Amino acid sequence: MFLESAQSRHFDHQMMARALQLAVRGFYSTKPNPRVGCVIANDGKIVGEGFHHRAGEPHAEVNALTDANDRARGATAYVTLEPCCHHGRTPPCAEALIESGVTRVVYACADPNPQVNGGGAQRLRDAGISVTGGVMTAQAMRQNRGFFSRMRSGRPFVTLKLGMTLDAKTALDSGASQWITGEPARGDVQRLRAASGAIITGVGTVNSDDPSLNVRSDRFDIGNQQPLRVVLDSGLRCSPTSRLLHLQGETLIFTASRDELAIQKLTAAGARVESVEHQDDGLDLCEILDRLAAREINDVLVEAGATLCGSFISQRLFDEIVIYMAPKLFGDSARDGFKLISPLQVADAPALEFMDIRKIGQDLRITLRPLDDCATT
């Protein structure tokens, strides 16, 4: 009896691990939906597989059931997120599972969407299907940390990205910064961009570097979903000729300015301009993140200068920092990566935890999280 139960749990983990692998195939393309994979198994064998490709297209369960066809009857479905029970862009997956004739459903974690949140599992139980939850929950939540953050806290998961030297400099005194890191590290940044729903920068960076802030690699299947480019520009100093205004995708400018002529010029250049309150140290970042969440943005990447990065840190409005560190030294007169007010006591300094350190080409990629992190793990 114990052996049978242990074998069953082991098989459940094997199938869920496979479902998580399938979910990764839609990692860059499902925004704003969560990444979900599904496996249908019958008599100890996989008879169907599927994953969610894009918002508006069939969910993972439907794709897996289509692959399994009649073999789904009497089978077990393994899905990385609780099946939905509401009508959205597509019909509810719980109903599709019921109609398929599966007798058991195993899911990794409950869907935090208020329209589901236990309702999908209950609908399955009401139909007489055996339901097991909590299999490889932590792994599934990591795949969808931005989705969980937005659903639970009302804000996206925020990652700060910086390229810097060993002495923590991001540019020479002249402002020159291309290129601090090598090509492999810059290519890895494209991965971060492809996984993000929005990229935030400041007008200073736009005017000095004229960045594109888009995904420039065909290694990542993003479809036509370039990340939303977000520029924080208190006084509307952004030039209408800036490169990011003339690329595929949308550019959103947040400002405290009421300069109608400047707004008209930027709007004519293709930008969307929205007003936001100004605080002592800049625009209201909380309001901006709330607005992005309202646009169903799950993951935000901040690629900005020392002042804006410092504001996110000092206000504790970040979940992760990714530093690409080059084996170079720029010296005292070069520009710092963060502009922060020094704490009065050591204990008051923002405390971080190393999550991952690895070599990317000749550079290091260092991933850190706040020690007091309350974000999705």
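Me: Which strand do three bridges join to β14, and in what sense do they run?
Reply: Strand β8 (residues 198–202) is joined to β14 by three bridges, and the two run parallel. Strands pair here if DSSP finds at least two bridges between them. Helices (H or I, at least four residues) and strands (E, at least two) are DSSP runs, numbered from the N terminus.

Me: And where did the coordinates come from?
Reply: This is a predicted model, in which local features need pLDDT of at least 70 and side-chain atom pairs count only at pLDDT 80 or more, while totals for chains, interfaces and linings use all residues. Residues are numbered from 1 along each chain as its sequence is written, and side-chain values use heavy atoms, with hydrogens and water left out.

Me: Back to β14. What is the bridge partner of A198 there?
Reply: V300 in β14.

Me: What about β6 and β14, how many bridges?
Reply: Four, with strand β6 (residues 157–165) and β14 paired in the parallel sense. F157 has D299 in β14 as its bridge partner.

Me: Are the faces of β14 covered or open?
Reply: Both are covered. In β14 (residues 299–302), D299 and L301 on one side are buried, as are V300 and V302 on the other. Buried means under 20% relative accessible area, exposed over 50%, partly exposed in between (1.4 Å probe, protein chains only).

Me: Different topic. What is the strand order in the open sheet of five?
Reply: β2-β1-β3-β4-β5, with mixed pairing.

Me: Why is one side of β2 and of β5 left without a neighbour?
Reply: Because β2 (45–51) and β5 (130–132) stand at the edges of the sheet, each with a single partner strand.

Me: Which strand pairs with β5?
Reply: Strand β4 (residues 104–107), in the parallel sense over three bridges. V106 stands opposite T132 in β5.

Me: Where does α2 lie?
Reply: Helix α2 (residues 60–68) lies across β1 (37–42), β2 and β3 (76–79), at about 140 degrees to β2. Axes are lines fitted to C-alpha atoms, for helices over the stretch in contact, and angles run from 0 to 180 degrees between N-to-C directions.

Me: At what angle do α2 and α3 pack?
Reply: About 20 degrees, with the axes of α2 and α3 (residues 93–100) 9 Å apart.

Me: Which residues meet there?
Reply: E61, V62 and L65 in α2 meet C93, A96, L97 and S100 in α3, where contact means heavy atoms within 4.5 Å.
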